[in-house]
Structure formats: C-alpha cells, structure tokens
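I opened this entry to note what could be looked up on charge, fold, surface and confidence.

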Amino acid sequence: MDVLKIKGGKPLEGKIKAAGAKNAMTKLLVASLLSDKMCTFYNVPNILDVEITVNLCREIGSQVEWNREEKILKITTKELKTSYVPQRYSGSNRIPILMIGALLGRTDEDIIVPTIGGDLIGSRPVDLHISALQKLGARIEFREMKKEGAYFAQAHQGLTGAVISLSYPSVGATENTILAAVRAKGTTLIKNAAIEPEIIDLILFLQKLGANIMVDADRTICIQQAHQFQEVEHTVLTDRNEVASYAMAAISTKGRVFIEGAEHLHMIAFLNKIRELGGGFHVKSNGIEFFYDQPLKGGLHLETDVHPGFMTDWQQPFVVLLTQAQGASVIHETVYENRFGYTHMLKEMGADIELFTQCLGGKQCRFASSNHHHSLVVKGPSLLKGHNFSIPDLRAGFAYVMAALLSPDISTISNVEFLDRGYEELVAKLTSLGADIVREPLLPLKKLSPEKCKAALHGLMKKVEIDTGAPTL
Ligand code: UD1
C-alpha cells in the first residue's frame, strides 16, 4: 500500500496524452467473450481495472497477450474453462455482473456471479440488469453463498429477442442487455437505453464482431442476432473522465495543459460549463488545450445527468474547481443518491460547502423524496489547507489530488489503489506537468493509530486477494 505526498500551489503546465477509456476497455474485454475469435485492441489503458478484468477473463478461459508499452492487447476465448466468477472479484469493480450477458448465449452451464462492488457511491443495485436479461429468457436467481450471495443465471432454452423498456437509462443494464441480445434469436429493442460514448464504442466493436445494431435518436437501441463472428481490430476511445480531470486541475491551478487525443464530441456538456465559469480552452485538431484565462466566476447551476448531460464522474473534481470561483454555485447530483461523501474532507481543508437533501434548482429527480444529500451549495474562492486524505472512491480520489495541488501545504493521500483503477501513470503525468508529487510506501503499520492500522490492513488484504487469489479476510 502506498501514499501520495503532494505539495501544491504551483500551476500545472505542459502536455499529456490521454489514455484509452477505462469504462470502455473493461466492457470490450467482456464483450470479446461472446465469440471464439481473436480480438485485438489498441490504445489499451494500463490501469488496475483492466488488469483485474484481464485476470477475470483468463479465469473464464481466455488467452491474453498484453503489451503494456505498445498499449496493444490480444484476447481469444476458444473455449470456456468455467462460468463461475470467483468470489474474490466481487467487490473489486462493476464488471462481473456483465459476465451474465456475455456468457448466457455461450454456455449451458450456470453462470455464477457473486454480489458485485465498485465505488462506495450508493447502493448500486442491479435490478434493471436482471429484469432485462429475464425478459430475454434467462433464468436468474439470487442464492446465499458463503458470507455473501451470488446470482445464478442460465438460458437452457436459449435467449429470444424482446422489447425491453428501462425505467432509467442505466449504463451497465444497457451494456448487459446488448451483450445478451447479440446471441438472442431475432430482434431485441432496448427503449430508454443509455447512449454514453463508451456504449457507442461497444456497439462499434460488436458491429465489427458480427452483430447488427442500430441506435435511434430516441434512446432506442435495436440489436439483431449475430449468426457468425469475425476477428476484430479495435482502437479504444479516449477516456473523457481522465481528460476532464486534468482539464480541471489545469484551470484550478491557474495553469495551461494540452491534452492530446481529447475528443471534442464527448466533452460538449463539460466545455459549456467550463466556458460559463470563465475557464479557457482551445479545441485543436489533435486534442484540447485547457488554461486559466481570468478569475473564475461562480453563480453556476449544474445538474449531473445521463449522456449527453454533464457526467456524474466529473462532479467531484468540478466541486473542487468551484471552490476557486467567486460566488455561490449549486450542484444537483441526479445520477447517484450518495456521491457527496468526499465533501467533508474538503470542508476540513477550508472549503465552504453545504449539503441538502432537496433537489436544488432545476428539475425534481428520482431522489426528491429520499433523505439523501444530493444537492450542494459551494461558495468561493477559498484557500485550501493541506490535509491527510483517505480515498473513498475513484473520482473522489482525483478530487482530493486536485485539492492537494491547490494547497500550498503538504498533503498526504492514502488508498491510492482507487486511483490506480482508473488513472494511468498519474504520478508521472502530474510530475511532467510540474507538480510536486511523490508516491511512497505507507509507514510501517506499528507507527499508525489502531483505526488507520485496521483500515490499512483491510485495503492490503483486498489487494492481495486480487493479485494472488488469497482468500477473503
Ligand atoms: C457506469 C460507469 C460510472 C458512471 C455511471 C453513470 C463503468 C464501469 N462505470 O456505472 O463511471 O458514473 O455509468 O454514467 O462504466 N441503477 C439501478 N438499477 C440497476 C442499475 C443502475 O437503480 O440495475 C441506478 C444506479 O443505482 C445509479 C444509476 O442507475 O443510481 C446509474 O447507474 P448505471 O448507469 O448503471 O452506472 P454503472 O453502469 O454502474
């Protein structure tokens, strides 16, 4: 287990290259399991979530060659060795549940998926996944197993296309349904589907693989059964979360950073808010340059939403950016009911943030009658003091890195493994932009307080589990 030490107060300046998208690459690996043909991916991000997904695919029977330097990965799954997702993968990320959609049409065995995890940002149910797959003919049961439970899924009678209306355009449920529908007889319609760029990338891949898929303007996705599969070569799209993260770090530190590979098309909602705030950007032929242009103006109202809205994963670093803007701004989180947990540490640093359970401004969202803090008011500008952070989830992790970069003091950040899940070469990229940042092993456990020692051991065991397959604590 490592910690980051950051001494902030310096502008970030220079150029970086954006990595391939975590939220696309992990799904593409799962999608490759639909066929027995070789799939070659380019622009593969060298991050922990890809490593975990590669290990999971190997368990299932895939042959994988991954050249991390060249960012090329070749995967072939001639035969399935098993359709049991080992328990140790549950809790590591949101990928295992997608194994059901990918494997249902490929095996007569039960597909067994332990309960899933991911970031600690709400309950993250999978009801929409399960009911959509059942509509295609899958039989899925939840059974108690060991300490937790597992989904048992099978489609012994085969899958048949159906009309599926999602009550909310869930990214994961849309992906799971598309994967199953590729092998379902006839035609499947998904209404109110998610249409995030990463889903379109998955559709492009599946079309190359042999599927016929149409996306209508009204959020309907139409999938026809694929009768044969082909070898595929696919370049993974750029990570718009990484792009937005470095863009906000550049503007908030009063710097200037060119991000090679940043895709204008995927950043429209983000760029509109940056302009409203007074942040600078130039869209160039091979990327986007972000820079501090003038004192940042608050007074913004921002609602997170499904694509093409303002992405929920941009919300946490954006709140840090707003701590540097003059005036009060309102954020309404409409995608997750519990994605403000990270703000208490920002408040300890000196940020002026107040949380509300009501839907502030704009529309009433799904969480209007719940008791969750899902709106906030942030006032700035604030001088942030250094802090000792413990990261609760991936995007909050980057928000803390950004806050640390803004403080002239030294800050320490633990639970760095969350950042490893989604940010390639974080320390090297920030160092190249002039940040004072180092990564060091955590202090020997005997020097920690009992609470920190317990938390450190828990994190360490989780990592050992993933790396070596050692049993759960
Ligand atoms: C994906 C992304 C995540 C992003 C999110 C929304 C990956 C690995 N993660 O997560 O970075 O923040 O999309 O853009 O791609 N829901 C249900 N029932 C379900 C499924 C979802 O109620 O069966 C709810 C969730 O609790 C949440 C909302 O729908 O409130 C959005 O979830 P979803 O779009 O499914 O997100 P993920 O696919 O988990």
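I began with the charges and found that the mean positions of the 51 positive and 52 negative charges of the chain lie 1 Å apart; Lys and Arg count as positive and Asp and Glu as negative, with His and the chain ends not counted, and each charge is placed at NZ of Lys, CZ of Arg, CG of Asp or CD of Glu.

I kept in mind that this is a predicted model, in which local features need pLDDT of at least 70 and side-chain atom pairs count only at pLDDT 80 or more, while totals for chains, interfaces and linings use all residues. Residues are numbered from 1 along each chain as its sequence is written, and side-chain values use heavy atoms, with hydrogens and water left out.

I then turned to overall form, where the C-alpha trace spans about 65 × 55 × 45 Å along its principal axes.

Last, I checked confidence: the mean pLDDT (the predictor's confidence in each residue, from 0 to 100) is 92, and 91% of the residues reach 70 or more. Over residues 118-122, however, the pLDDT is below 50, and this stretch has 20 contacts in the model beyond near neighbours in sequence. Residues 460-473 also stay under 50, with 16 contacts beyond four places in sequence. Where pLDDT is low, the predicted coordinates should not be read in detail.

How values were computed:
Contact = heavy atoms within 4.5 Å.
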